[in-house]
Amino acid sequence: MSAMMPPRPRSATSFWIGFAIVVGLLVAAPLVLPPFWRRFATEILIWGLLAMSSDILIGYTGMVSFGHSAFFGLGMYGAAAALLQVSPPNLWLAIAYGLVAAAVVAGFVAYFATRLRDIYFAITTLVFSQIFYVIIFTWTEVTGGENGLTFRQPALGIPGLFQTAFTPETLHWFVLAVVVGSYLLLRRITRSPFGMVLQAIRENEPRTRALGYSIERYKTVAVMLSGLFAGLAGILYAVQNKFAAPDFVFFVISGEVVIFNVMGGMGTLVGPIAGAGFFLLLREGLSRYFTEYYLIPVGVIFTAMVIFMPQGLLGFARRRLNE
Amino acid sequence: MGIPFDQIAIQTVNGLVNGLILALVASGLTLIFGIMDVVNFAHGDLVMLGGFVGAVTVASTGNFWIAMLTAALTIAVFGALLQMTTLRPLLGRDPLTTILATFGISLVLQKYALWQWGPSARRIPEPITGQFALFYLQYPWYRVLGAFLSAAIIGALYLFLKYGKYGIWIRATTQDRIMAGAMGIPVPLVHTTVFAIGAAMAAASGVLFGPLGGVTQTMGFDFTLRAFIVVVVGGMGNLGGSILAAILISLLEAYASLIVSPAQAVIVSFVALIMTLLLRPTGLFVPTPR
């Protein structure tokens, strides 16, 4: 959003050292963590990817999407379609189906929503995600309705080379590879001239338009890009959990994505992943004391952060470190 | 189409009744938006809280009207406190941050209601139980009364905005916040008052809706979404537009539920919103801007 500071230039070496340390820790995580936390770490990565995808819109383009569950859910159901129809289930086909489904939905939403700004964009994305929720919830013959779909987990493999069933470790590493690859790609995109135009739109839309940029086209690409990566997160979740359910298309997921972004720090790509980790840990810790009411303290913390710490945990930490 | 006339007539009455109750919710939302650029994501949860306070009061006093008054007053005070603690610090920031803050509030309120009143629906008994014949149906008088009460509250709001001292202050602040402050209007107080009024209207509609659909802790999101749609279709910050849009949307949904299931009929209002945003983004019922 407009009040955000541009990222300070840091030396490239220190960034890559930090990056290598974090990735190294995440690679080692499944080897040292007990089963529960191993699965937890994988989930943080998947939700982190979803949060990162929405950061392209919230943090970089200044458009708050309240409908990311649509992209996530369609990625999930797309993967489910591939896994149910083709036997034996094929991982790459699931990814392809999921991405196509998410891209179609993202293109549809982008066509309408990018003509709108600010709260109108937020409300429209919310309404679109509800449309897809209602369709998926009521179209029982195809989507399984309220019960969703369950399917078998595909095997990890490269056609013609090797084929092996997923273990918790290899699943974690596979998810990690996808998330790290997505991060590097998105980092490159946000630093490209295209990414600069998105940030210019965030800072001052009329001026960017006056400079001759076709705002709608840039916004459309941003929504599509965001939707694709959100769909990818949905596919990973489907592969991990072997089911697709309408709950994941519902607004609650979109809301959580926004929470991840605000908590972690918008416009940083890493921040939302950290925010997802922070939220899930908070939920895990608090639900031991508050059971299903953990959202009461989480909501209070979230609202306080919106008011007092709008730059999020990462922005806050960065400012502290630079002082 | 093979839909008999009497069904269409019944759905028209249903749509009008639901539309007027929805208009009561939406006019609070649009008032809050018009005056302080706050998109109140927790508005539906104020409806829900009002419904619960009403249900509890009816259970202890047995009087519907006391319950409605208690709910409106309680939620008005609560809304004022909410505005002072969470929205006042956000004044002057990007309107999007107010969506985020009120979204956080909505999470808290919904889970609080679950914790306080449990997951089951509460039904508020109707204050009048009479029925009249409407074609093949025995139509409850209460529904008609609810519609009239909603209209009366909205009418009172209109008169208050038009002639009351605070009403004039509110309209002045809507037009130009800085100039109003310079003329000696206590702008922060006006903001708090408006939020309290919007919250009270939400609570009143929660109590009015209680006998029709029951009060559950998850009803808030539904109301928020529908009120958003209405307010955007009617034109943000435009009171008259919101009322007409609420009736239009409810009628569309009522007619659509003749053909498809009620769960799918909601899509009609979604489509209405999207068409409005594409064809007339300033709202259906506002004069064409310069």
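I note that the model is a predicted one.

Entry 1, surroundings of A:G48. I placed A:G48 in helix α2 of chain A, which covers residues 35–61. I then looked up its contacts, leaving out residues up to four places away in sequence, and found A:V179, A:P272, A:I273, A:A276 and A:G277. I also checked A:V270: its C-alpha lies 8.4 Å from that of A:G48, although the two residues are 222 apart in sequence.

Entry 2, chain A against chain B. I recorded 31 residues of chain A in contact with 35 residues of chain B. On the chain A side, helices α5 (118–138), α11 (251–264) and α13 (295–308) each supply at least two residues. Which helix gives the most to this side? I found that it is α5(A), with eleven residues. Sorted by class, the chain A side holds 23 nonpolar, seven polar and one charged residues.

I looked up the packing of helix α12 of chain A (residues 270–290) on α13(A), and noted an angle of about 135° with the axes 9 Å apart. The pair is therefore classed as oblique. From α12(A), the contact uses A:L282, A:R283, A:L286 and A:F290; from α13(A), it uses A:I296, A:P297 and A:V298. I counted these residues by class as six nonpolar, no polar and one charged.

Technical notes. Residues are numbered from 1 along each chain as its sequence is written. Chains are lettered from A and ligands numbered from 1 in the order in which they are written. This is a predicted model: local features need pLDDT of at least 70, side-chain atom pairs count only at pLDDT 80 or more; totals for chains, interfaces and linings use all residues. Helices (H or I, at least four residues) and strands (E, at least two) are DSSP runs, numbered from the N terminus. Two residues are in contact if their C-beta atoms, placed from the backbone, lie within 7 Å. Ala, Val, Leu, Ile, Met, Phe, Trp, Tyr, Cys and Pro count as nonpolar, Asp, Glu, Lys and Arg as charged, and the others, Gly among them, as polar. Axes are lines fitted to C-alpha atoms, for helices over the stretch in contact, and angles run from 0 to 180 degrees between N-to-C directions. Angles under 35 degrees count as roughly parallel, over 145 as roughly antiparallel, 65 to 115 as roughly perpendicular and the rest as oblique.
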